[in-house]
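Hi,

Here is the structure I said I would pass on. Have a look at it first, and then read my notes below.

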Amino acid sequence: MSQTLRDQLFLWMKSHVYRYSEAPFRLASGLESHHYFNCKEITLHPERLAVLANCFVEEIIPKLGLEFQAVGGLTLGADPLAYSISLAYQRKGKLIYPLVVRKEAKGHGTGQQIEGFWKEVKSCLVVDDVITTGGSTLKAVQALREAGISVTKGICILNREEGGAENLEKSGIQMESIFRKSEFF
């Protein structure tokens, strides 16, 4: 059986990303957990990021049955994903704009909350590295929708299985993850 991109990523996730500790880690959601996933070990490593982007483009996104013009989410976790997925599509001859959603509108210049060619697009696939409660992703979705961009589906590297996907679903977002927390222990 040939190894999929997901299989390679799983090996990297186990060896570089996943950590267990008796002393709990504080998560971005404010919750504490003995299980920590530092996806920056994938998204900020060129070889691993290239494999991740190809996994999304070739194995995950086709399952969504969705046409979209942009990919993006809340800075910083979504940024490498948006750029790399956009570049992976560019290599296939398809233009997908990367969008960066700031946590709040900048207080200078044009005061934009969304960076990129967002005025050119009507639809966006929202991305995030890890989903816990879904709060970061919902913040991005809200900003994108306020800008008149349709957002109905999203992708992430890891679903921590702590209610995030369900919270996103209540806001009309179907979330697809490559991995679930329960796969690692």
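A question to start with: is Glu67 buried or exposed? Glu67 has a relative accessibility of 62%, so it counts as exposed. Keep in mind throughout that this is a predicted model.

**Salt bridges**

Lys94 is partly exposed, at 33% relative accessibility.

There are ten salt bridges in the structure. Here are two more of them.

Asp129 pairs with Lys40 in a salt bridge, and their closest N and O atoms are 3.1 Å apart. Asp129 belongs to strand S6 and Lys40 to helix H2 (residues 40-43), so parts that are 89 residues apart in sequence are tied together by this pair. What about their exposure? Asp129 is buried, its relative accessible area being 10%, while Lys40 is partly exposed at 27%.

Glu32 and Arg26 form another salt bridge, with the closest N and O atoms 3.0 Å apart. Glu32 counts as partly exposed, at 48% relative accessibility. Arg26, with a relative accessible area of 56%, is exposed.

You will also find a network of salt bridges that links Arg6, Glu161, Arg180 and Glu183.

**Aromatic pairs**

The structure holds ten aromatic pairs. In one of them, the ring centres of Phe10 and Phe184 are 5.1 Å apart and the planes lie at 35°, so the pair counts as tilted. Phe10 is part of helix H1 (residues 5-17), and Phe184 is in the segment after strand S8 (174-180), so the pair ties together parts that are 174 residues apart in sequence. Both Phe10 and Phe184 are buried.

Tyr18 and Phe37 make another tilted pair, at 5.0 Å centre to centre and 40° between the planes. Here Tyr18 comes from strand S1 (residues 18-26) and Phe37 from strand S2, so the parts tied together are 19 residues apart in sequence. Tyr18 counts as buried at 14% relative accessibility, and Phe37 is buried too, with a relative accessible area of 6%.

Which cluster do these rings belong to? Phe10, Tyr18, Phe37 and Phe184 sit in one aromatic cluster together with Phe179 and Phe185.

**The largest pocket**

Last, the pocket. The largest one has a volume of about 550 Å³. It is lined by 26 residues, and those closest to its centre are Ala28, Asp128, Asp129, Val130 and Ser136. Strand S2 (32-37), strand S6 (124-131) and helix H5 (135-146) are the elements that each give two or more residues to the lining.

Which element gives the most to that lining? Strand S6 does, with four residues. By class, the lining holds ten nonpolar, ten polar and six charged residues.

Cheers

Methods. Residues are numbered from 1 along each chain as its sequence is written. This is a predicted model: local features need pLDDT of at least 70, side-chain atom pairs count only at pLDDT 80 or more; totals for chains, interfaces and linings use all residues. Side-chain values use heavy atoms; hydrogens and water are left out. On a 1 Å grid over the protein atoms alone, a cavity is a set of points where a 1.4 Å probe fits but cannot get out, and a pocket is an open set with protein on both sides within 12 Å along at least five of seven lines; lining residues have an atom within 4 Å of a point. Grid points are joined across faces, edges and corners, and a volume is the space filled by probe spheres set on the points. Ala, Val, Leu, Ile, Met, Phe, Trp, Tyr, Cys and Pro count as nonpolar, Asp, Glu, Lys and Arg as charged, and the others, Gly among them, as polar. A salt bridge is a side-chain nitrogen of Lys or Arg within 4 Å of a carboxyl oxygen of Asp or Glu. Buried means under 20% relative accessible area, exposed over 50%, partly exposed in between (1.4 Å probe, protein chains only). Rings of Phe, Tyr and Trp (its six-membered ring) pair if their centres lie within 6.5 Å; planes under 30 degrees apart count as stacked, over 60 as edge-to-face and the rest as tilted.
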